[in-house]
Structures are given as structure tokens and as C-alpha cells.
Amino acid sequence: MGSPEVQGGAGVLVVAGVPMGNPGDATARLIAALGEADIVAAEDTRRARTLAAALGVELRGRVLSFYDHNEQGRIPQLLDEIAGGARVLLITDAGMPSVSDPGYRLVAAAVDAGHPVTCLPGPSAVTTALALSGLPVERFCFDGFAPRKPGARRSWLSELVTERRACVFFESPHRIAETLADAAEVLGADRRAAVCRELTKTYEEVRRGGLGELAAWAADGVRGEITVVIAGAAPASTDPANHVAEVLRRVAAGERLKDACAAVAAQIGASRRDLYQAALAAR
């Protein structure tokens, strides 16, 4: 099956997922689309040509660069081409456009202009890492790249303390050791996670374990493109007796007992009255 047909010879924007490293992951539809496109909008034109050569595809259309720093300037040009009947294929260096890669603004602009937009499903580091993690990932969130600055990173991690969904994100090999160390401190050394390195490539590696264990491993240095999956938080106990210590800690810090009980009860989904009685008994 080739790329999507469009009625009346109208132009179309085709968003396509490309292999993350192994050309063998290219779909038959991607191969056809590369050969049929009037314009290939690529994050890196050299990589696009290398991929086409590896797949035995002759690019008959123009290959234009489309990356973060020229995205806004390229969009009007590409919209004009689509309006004139061109088939524009949007690809990135690896995986699916718009997922932490250029593309979303072009898709939004094409939709706003009333142009047909379709997608050729393909590889994604996000879903690949989730599948390999060995963690419960029925529900997950994707957070792009972890914040670079330590303060912002720890603030972001603090949001995951009670997050019940698994969290998947990308990280640089230069920062992965610091990020995992911070995660072990903020989320707990025993919180389960998986670090996926060089997915689909020759030296693919997946490390699974507690955050403390993974931080110790990464301290020696990690290379390659990295995707991390952190397990969701375990359900909090709603038994008031298990949370009296937190109530008393807040009271010692200056809160009124009733206010402390109300705040903690809201966090754990327990009865405020039962927690108040348990705290009184403990005092």
C-alpha cells in the first residue's frame, strides 16, 4: 500500500515516523512516500538522503531543511506548496515528528489552512521504551526532555512523587547521572525505573531497577540516545493511623491540628474526622 490518496489532485501534508537507527524498521508506506513526495521537509537533509539510500529509494522531490531554528520561516512556503497541489512529506532525524521534534506548528498551520493532513505510523522511542521497561504502563505521561537546570529538574521530579502514571522522558548522556541521582533522592531509591539506551541500534541496552541502583550505574558514564521510564507512584494508604505522624509533624511546624488533618486527608483521600480522632489519640 502506498501513501494516502487525495481527491482532485489537491496537496497534502504527510507526517511520517522514520526508523530510530535500524533502517529495517521502515514501513512499506514510508518507502513509497519518500519516492512519491514532491517535497521532503527533513530535520536534517543529509540524514534524509542517507535513509533514502539505505532503503533504495530515489528522491524525486526537493529535500528542504525543516528544524527548530527555521521552522517558522519555512511554514508559509510549505503551505503555499500544499495549496498548489504538492505532496509534502514531513520527517525528523528519528521517530515521529511533533513528539519532542519539529512538526507540530506545521501540522497546526496546515489544519488551520484547511489542507489535508495524514500520518504514516512508525517508530517512536516513547512507545518502544514503555514496551521494554517491564513496568506497569497502562497509563503514562510523556514529559519530553528532563529540565536541564538542577532546581527546575528537582521541582519537576517533585511533581512525580504522587503521580500514579508511569512517566517517560528523554535525557542527554551528559546529564543522565545527575538526573537519576536527583530522582533517587526526590522519589526514593527504590522507585522502579528503566533506562533505555540506543533503542533499535546495534548496542541497544535496557537497564531496569530501583532509581538508586540505576543512579550508581550511570555514575560511571552512559553514552548514546537515552529514554527513561519511571514507574508510577504506589497507591497511598488511606488508613488514618498510617498518616498520623505527618499530621503531628505539620502541627509541630505551626499548623493547627484541624488544618493539618484537613490537608493530609485531602492528599490521601481519607476521612478528615477519622484522621483527627487518630491524631488526638496519638497525642
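Of the 283 residues of the chain, 45% count as buried, where buried means under 20% relative accessible area, exposed over 50%, and partly exposed in between (1.4 Å probe, protein chains only). The structure is a predicted model, in which local features need pLDDT of at least 70 and side-chain atom pairs count only at pLDDT 80 or more, while totals for chains, interfaces and linings use all residues. Residues are numbered from 1 along each chain as its sequence is written, and side-chain values use heavy atoms, with hydrogens and water left out.

The accessible surface of the chain amounts to about 14400 Å², computed by the Shrake-Rupley method with a 1.4 Å probe, with only the protein chains shown counting as cover for residues. Carbon and sulfur atoms account for 48% of this surface.

Eleven helices and ten strands make up the secondary structure of the chain; helices (H or I, at least four residues) and strands (E, at least two) are DSSP runs, numbered from the N terminus. The chain is more spread out than a compact globule, because its radius of gyration is 25 Å, well over the 19 Å that the globule rule gives for 283 residues. The radius is taken over C-alpha atoms, and the rule is 2.2 Å times the number of residues to the power 0.38. Along the principal axes, the C-alpha atoms fill a box of roughly 80 × 45 × 35 Å. Among contacts (heavy atoms within 4.5 Å) between residues at least 6 apart in sequence, 72% join residues at least 24 apart.

Helix 1 (residues 28-36) contributes Leu30, Ala32, Ala33 and Leu34 as buried residues. The buried residues of this helix pack against strand 1 (12-16), strand 4 and strand 5 (117-120).

Charged side chains number 31 positive and 34 negative, and the centres of the two sets lie 5 Å apart. In this count Lys and Arg are positive and Asp and Glu negative, with His and the chain ends not counted; the place of a charge is taken as NZ of Lys, CZ of Arg, CG of Asp or CD of Glu. The structure holds 19 salt bridges, each defined as a side-chain nitrogen of Lys or Arg within 4 Å of a carboxyl oxygen of Asp or Glu.

One of these salt bridges joins Arg153 and Asp182, with the closest N and O atoms 3.0 Å apart. This pair links distant parts of the chain, as Arg153 belongs to helix 6 (residues 150-158) and Asp182 to helix 7 (residues 176-187), 29 residues apart. Arg153 counts as buried at 1% relative accessibility, and Asp182 is also buried, with a relative accessible area of 12%. A salt bridge between Glu185 and Arg154 has an N to O distance of 3.2 Å. This pair, too, links distant parts of the chain, with Glu185 in helix 7 and Arg154 in helix 6, 31 residues apart. Glu185 is exposed at 57% relative accessibility, whereas Arg154 is partly exposed at 31%. Arg153, Arg154, Glu178, Asp182 and Glu185 are linked in a network of salt bridges.

Glu198 and Lys201 form a further salt bridge, at 3.6 Å from N to O. Glu198 lies in the loop between strand 8 (192-197) and strand 9 (205-210). With a relative accessible area of 17%, Glu198 is buried, while Lys201 is partly exposed at 26%.

Most residues other than glycine have a negative phi. Glu198 has a positive phi of about 55 degrees although it is not a glycine. Ser98, likewise not a glycine, has a positive phi of about 80 degrees. Ser98 is located in the loop between strand 4 (87-91) and helix 4 (104-112) and counts as partly exposed at 33% relative accessibility.

Val137 occupies the loop between helix 5 (125-133) and strand 6 (140-145). The relative accessible area of Val137 is 22%, so this residue is partly exposed. Leaving aside its neighbours within four places in sequence, Val137 is in contact with Leu130, Ala166 and Val229. Val137 and Pro76 are 61 residues apart in sequence, and their C-alpha atoms are 39 Å apart in space.
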